[in-house]
Amino acid sequence: MKNFYNNKKIFITGNTGFKGTWLSHILMLYGAQLCGYSDKKGTLFEMCGADIQYETIYGDIRNYELLNQSINRFKPDIVIHMAAQPLVIEGYNKPRETYEVNVMGTVNLMTSIQRSVNLGSVVNVTTDKVYKNLDKDRPYSEEDQLGGADPYSCSKTCSELVTESLRKSFKYDCNIATARAGNVIAGGDFAKNRIIPDCINAAEAGEKIFIRNPKSIRPWQHVLDPLNGYITLAKALYENKTTESAFNFGPELEDCISVAQLADLFCTAWGHSIKWEHIGDGSDTKSFATFAESKMLTLDSTKSKKVLNWNHKWNVWQAVEKTVEWHQDYNSKKSSTHDICIKQIIQYNQ
């Protein structure tokens with residue numbers, strides 16, 4: 001992987017977000033030449049500061065002219081599209097903006113790359129929530145029906161359909177695929193209303209953890225697992241070793257556990273007698289009571305394993321442990337945020 005990505009020109013939308021910052025660290029470690037496109041600096045990206053040494057163009061993904069100009073000027077070998085409104089609850093609060101960013105952002109990206117010189121592959125990162133969720137007791141495969149119900153999930157379903165429609169309707173000189181992953185956890189995620197960031201904020205403050213849907217089951221995984229999947233897919237597309245389609249990147253079934261079980265693992269890893277409490281009646285916040293979420297959602301990654309030879313490396317306990325370790329290292333002030341990320345990437349690759 002390092003030999004392949006060394007000196008490759010990679011254009012990343014959403015590069016300053018949580019996943020984008022981790023991806024940047026991986027590709028910088030591999031010697032890639034990066035160019036990012038984001039609307040603003042995310043918390044983790046800003047914490048890494050001067051250690052993030054590549055050009056970032058600050059602009060809205062809805063600004064077609066700027067996006068098109070940026071891609072054509074950089075002339076990337078590979079594009080990884082992650083710019084999005086990524087939160088379910090924010091989708092309820094701002095549905096119009098969610099659709100504009102996630103749907104028209106994809107339209108703009110797909111239109112901008114149509115005549116891009118030298119481009120070999122494009123990966124559009126969506127989500128496991130694109131599937132029509134029937135709360136069935138089985139993992140969802142790439143052949144299952146799409147149909148996200150809430151505004152965020154639906155907008156990502158539309159992003160999948162836009163990608164397929166434009167790829168089939170117009171001639172592209174590159175290979176294009178979509179990547180679907182589940183709920184990622186890792187150090188440096190400071191987003192609101194996500195279980196692990198909420199756990200960390202409460203633990204650092206010495207307070208009780210409050211969770212709203214303890215029985216919901218999700219495909220939890222460390223962020224490095226799906227990111228490794230995205231760059232494996234981009235490489236395979238670039239080398240014409242796989243077909244243009246969708247790929248799931250999820251953990252093993254035994255790692256698809258409930259929110260309550262995840263909170264238990266976190267409390268064990270953090271120590272100091274941290275505990276959690278259920279607030280499912282909405283008494284602590286008005287918004288939680290009105291937002292419906294699926295009870296069961298797991299992914300079947302057989303296709304990625306067979307076609308791409310991809311496998312996740314860290315189980316859910318290791319993912320939680322590494323996340324806690326990241327924050328405890330950060331709180332100790334002994335290493336820079338950048339160095340902590342690099343250390344864990346090296347550990348992952350060993």
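**Rings, strands and side-chain contacts**

Colleague: Which helix holds both W326 and Y330?

Modeller: Helices here are DSSP runs of H or I with at least four residues, strands are runs of E with at least two, and both are numbered from the N terminus. W326 and Y330 sit four residues apart, about one turn of the helix. Both of them lie in residues 316–332, helix α12.

Colleague: Before we go on, what kind of model is this?

Modeller: Residues are numbered from 1 along each chain as its sequence is written, and side-chain values use heavy atoms, with hydrogens and water left out. Local features need pLDDT of at least 70, side-chain atom pairs count only at pLDDT 80 or more, and totals for chains, interfaces and linings use all residues, this being a predicted model.

Colleague: OK, how many aromatic pairs are there?

Modeller: Rings of Phe, Tyr and Trp (its six-membered ring) pair if their centres lie within 6.5 Å; planes under 30 degrees apart are stacked, over 60 edge-to-face, and the rest tilted. Counting by that rule, the number of aromatic pairs is 10.

Colleague: Take F4 and Y238: what sort of aromatic pair do they form?

Modeller: Their centres are 5.4 Å apart, with 75° between the planes. Planes over 60 degrees apart fall in one class. That makes F4 and Y238 edge-to-face.

Colleague: And how many residues apart in sequence are the parts that this pair ties together?

Modeller: F4 is in helix α1 (residues 2–5), while Y238 is in helix α9 (residues 224–238). So the pair ties together parts whose separation in sequence, in residues, is 234.

Colleague: Is F4 buried or exposed?

Modeller: The cut-offs are under 20% relative accessible area for buried, over 50% for exposed and partly exposed in between, with a 1.4 Å probe and protein chains only. Y238 comes out at 28%, so Y238 is partly exposed. F4 has 10% relative accessibility, so F4 is buried.

Colleague: Back to W326 and Y330: are their rings stacked or edge-to-face?

Modeller: The ring centres of W326 and Y330 are 5.7 Å apart. The planes meet at 20°, so the pair is stacked.

Colleague: Which ring does K303 lie over?

Modeller: A charge sits over a ring if NZ of Lys or CZ of Arg is within 6 Å of the ring centre and within 35 degrees of the ring normal. One case is R138, with its charged end 5.5 Å from the ring centre of Y140. K303 is 4.3 Å from a ring centre, lying over the face of F247.

Colleague: On to the sheet: which strands stand at its edges?

Modeller: Strands pair if DSSP finds at least two bridges between them. Seven strands, paired in parallel, form an open sheet in the order β3-β2-β1-β4-β5-β6-β11. Each edge strand has a single partner, so one side of each is left without a neighbour in the sheet; the two are β3 (55–58) and β11 (246–249).

Colleague: At about what angle does helix α4 run to β1?

Modeller: Axes are lines fitted to C-alpha atoms, for helices over the stretch in contact (heavy atoms within 4.5 Å), and angles run from 0 to 180 degrees between N-to-C directions. Helix α4 (residues 64–74) lies across β1, β2 and β3. Its angle to β1 is about 165°.

Colleague: Which backbone nitrogen does the side chain of T13 reach?

Modeller: T13 is in strand β1 (residues 9–13), and its relative accessible area is 0%, so T13 is buried. A polar contact is a pair of N or O atoms within 3.5 Å; within protein, one must be able to donate a hydrogen and the other to accept it, and residues adjacent in sequence count only if both atoms are side-chain atoms. At 3.1 Å, the T13 side chain reaches the backbone nitrogen of A83.

Colleague: Which side chain does Q85 join in a polar contact of 3.0 Å?

Modeller: Q85 lies in the loop between β4 (78–81) and α5 (88–93), and at 8% relative accessibility Q85 is buried. Its side chain reaches the backbone nitrogen of L87 at 2.8 Å. The 3.0 Å contact joins the side chain of Q85 to that of T98.
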